[in-house]
Amino acid sequence: MSSTNPKTDNNLATRRSFLQASTVAAAGVALNSAGSASAAATEKLAIQGGSAAIPNPNTDAWRWPRYTEVEGEALAKMLMAPDYSDIPALEEEWKEQTGAPYAKAYCNGTSVLLSMYFALNLPPGSEIMVPSYTFFASVVPMRLFGLVPVFVDINPRTLNFDLEDAKKRLTPNTRAILPVHWIGLPCDMDAISDWAKEEGLIVLEDCAHAQYAKLKGKHMGTFSDMAIFSYQMSKPLPGIEGGMGLYSTQEYHDRATIFGHYDTPGIPADSAYKKYHGTGLGTKTRMHPLAAKLIRLQMRDLKERVAAGVAQTRRLNDVLTQLPGLYEQTSGRSDVERLYYEWNMLFIDEKEAGVSRQAVVDALRAEGVRADALAYRLQHEQPLYKEAEWWHHLPTITELPGSTAANATSIALPYFTTDAPEMVEGYIKAFEKVWAHRKELA
Ligand SMILES: Cc1ncc(COP(=O)(O)O)c(C=O)c1O
């Protein structure tokens with residue numbers, strides 16, 4: 001592949017500067033914002049005919065994934081001589097990164113969840129607590145093994161598993177829980193696991209969004225009996241498609257693996273599942289080796305990429321969260337190392353702000369901000385969970401006020417995946433303008 005492709009060269013340059021730029025712009029943004037707050041009040045809002053804070057938004061700022069010629073060349077080489085060796089290599093590297101004893105690669109995160117529910121080996125009718133505020137794949141595969149979801153609420157400010165709500169939803173049939181680390185913010189796995197242990201529950205983790213997130217220095221995915229990751233292309237570690245399972249025991253690893261793999265190099269000769277080598281159990285969920293190659297290449301600067309993205313988001317949010325009634329997604333814990341994925345999620349307290357979410361979003365959009373009054377699809381509201389034919393017994397559907405509140409208050413901004421100081425400044429300017437005029441908007 002040519003190294004003079006301007007698009008690719010530009011990608012490389014942008015990527016390098018993103019990884020290096022973390023601290024340089026911080027002081028500048030803070031200074032600018034101090035002076036700009038009063039200026040904001042005198043400027044006419046774009047929605048009222050004034051000029052936009054960001055007349056030419058950089059729509060490349062949130063483009064993802066950002067592959068370069070390095071990935072292009074590696075894939076082209078593999079096409080000339082295909083082989084599978086990147087898959088076990090990735091499994092080893094993922095164990096090394098996370099500290100988990102067992103790992104298995106899959107073609108996507110959904111198939112990791114499917115095989116995980118098979119590996120549980122629970123009797124039909126067993127209930128699993130899971131947030132309703134999640135992607136279908138966390139929940140729906142349960143039904144194929146007679147498992148039944150019990151929907152748990154989330155905290156509307158963390159978008160994560162609400163332990164206090166879970167405590168109220170325990171039934172004699174509850175066997176396991178599946179917290180989801182939403183858009184890279186770790187759940188309180190210490191408190192959740194302690195409680196689960198007391199109640200004799202199996203702990204699972206959905207780390208589809210948490211590729212380099214930690215709690216108390218421990219990688220997400222290692223607080224549980226089994227955990228899943230997704231490498232789908234929107235995710236922080238993109239393989240276009242792909243998934244990884246982490247297992248705390250050989251038994252879980254072997255049972256999950258045999259569900260979708262006829263080839264069993266990771267299953268030892270003395271395993272009860274070894275006899276199924278060559279047949280598996282009827283499905284094939286092997287990762288594509290091109291995906292394994294992409295993921296391994298993307299792992300090289302994952303840590304630095306996450307650090308740069310978090311630093312840039314802090315520069316933005318540290319200013320925005322000073323505005324009355326505006327909050328960010330956080331657990332407030334200092335022992336958490338999060339990452340961001342897809343969205344930088346803010347919340348508005350309309351009473352405190354003195355203006356409606358929709359009025360703010362409309363005004364921000366006119367200023368050039370890609371703001372959305374996001375309402376994520378809640379699983380418990382979907383028809384599937386209300387039709388008895390698909391379940392051992394119907395899931396109990398109750399009100400989930402935290403999930404409803406999250407959908408009523410969130411303002412989703414894009415997560416900037418590259419160094420974009422002009423966008424950070426522009427977003428600050430736009431928010432300050434809108435906030436300075438919010439009484440008029442109200
Ligand atoms: C929370 C969650 N779990 C599981 C998955 C499934 O992953 P995949 O798309 O790789 O099947 C996703 C994908 O978006 C997800 O968001």
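Predicted model: local features only at pLDDT ≥ 70, side-chain atom pairs only at ≥ 80, totals over all residues.
**Entry 1: getting my bearings**

I started at Val-70, which sits in helix H3 (helices are DSSP runs of H or I with at least four residues, strands are runs of E with at least two, and both are numbered from the N terminus). Val-70 counts as partly exposed because 16 other C-beta atoms lie within 10 Å. The cut-offs I use: buried means 20 or more other C-beta atoms within 10 Å of a residue's own, exposed means 12 or fewer, and partly exposed is in between, with C-beta atoms placed from the backbone. I also looked from Val-70 across to Ala-137: they are 67 residues apart along the chain, and 32 Å separate their C-alpha atoms.

Residues are numbered from 1 along each chain as its sequence is written.

**Entry 2: the two domains**

I looked up the domain assignment and found domain 1 (12-66 + 301-441) and domain 2 (69-299); such bounds come from an automatic or database domain assignment. Their centres, taken over C-alpha atoms, are 28 Å apart. The contact between them takes 37 residues from domain 1 and 43 residues from domain 2 (two residues are in contact if their C-beta atoms, placed from the backbone, lie within 7 Å).

Which elements supply at least two residues each on the side of domain 1 that touches domain 2? I noted helix H10 (302-320), strand E13 (336-337), strand E14 (343-348) and helix H13 (401-409). H13 gives the largest share of that side, six residues. By kind, the side divides into 22 nonpolar, 10 polar and five charged residues. Here Ala, Val, Leu, Ile, Met, Phe, Trp, Tyr, Cys and Pro count as nonpolar, Asp, Glu, Lys and Arg as charged, and the others, Gly among them, as polar.

**Entry 3: the core**

Next I went for the largest nonpolar core, which has 115 residues. A core here is a set of buried Ala, Val, Leu, Ile, Met, Phe, Trp, Tyr and Cys residues joined through C-beta atoms within 7 Å. Met-116, Ile-128, Ile-177 and Phe-431 have the most contacts inside it.

I followed up on Phe-431: leaving aside neighbours within four places in sequence, it is in contact with Leu-320, Leu-323 and Leu-364.

Then I checked Met-226, which is in strand E10. Met-226 counts as buried because it has 29 C-beta neighbours inside 10 Å. With neighbours within four places set aside, its contacts include Met-116, Ala-119, Leu-204 and Tyr-252. Val-112 is 114 residues away from Met-226 along the chain, with 10.0 Å between their C-alpha atoms.

**Entry 4: helix H7**

I wanted to know how H7 (residues 189-199) is placed. Its buried residues are Met-189, Ile-192 and Ala-196. They cover an arc of only 65° around the axis, so they are on the same side of H7 (the arc is that of the directions from the helix axis to the C-beta atoms). An α-helix has 3.6 residues a turn, so residues three or four places apart point the same way. On the other side of H7 I found Ala-191, Asp-194, Lys-197 and Glu-198, which are exposed. The cover over the buried residues of H7 includes helix H6 (163-168) and strand E7 (202-206). After H7 comes Gly-200, with a positive phi near 70°.

**Entry 5: around the ligand**

I counted 13 residues around the ligand, of which Gly-109, Thr-110, Phe-135, Ala-208 and Ser-230 come nearest (a residue is near if its C-beta atom, placed from the backbone, lies within 6 Å). The shell divides into four nonpolar, eight polar and one charged.

I found a cis peptide bond from Trp-64 to Pro-65, with omega near 0°. Pro-65 is in the loop between helix H2 (26-42) and helix H3 (69-80).

Asn-121 has a positive phi of about 55° although it is not a glycine. It is in the loop between helix H5 (109-120) and strand E2 (127-131). Is Asn-121 buried or exposed? It counts as exposed, because it has 11 C-beta neighbours inside 10 Å.

Ile-240 is not a glycine either, and its phi is positive at about 75°. Its loop runs between strand E10 (226-230) and strand E11 (243-247). With 17 C-beta neighbours inside 10 Å, Ile-240 counts as partly exposed.
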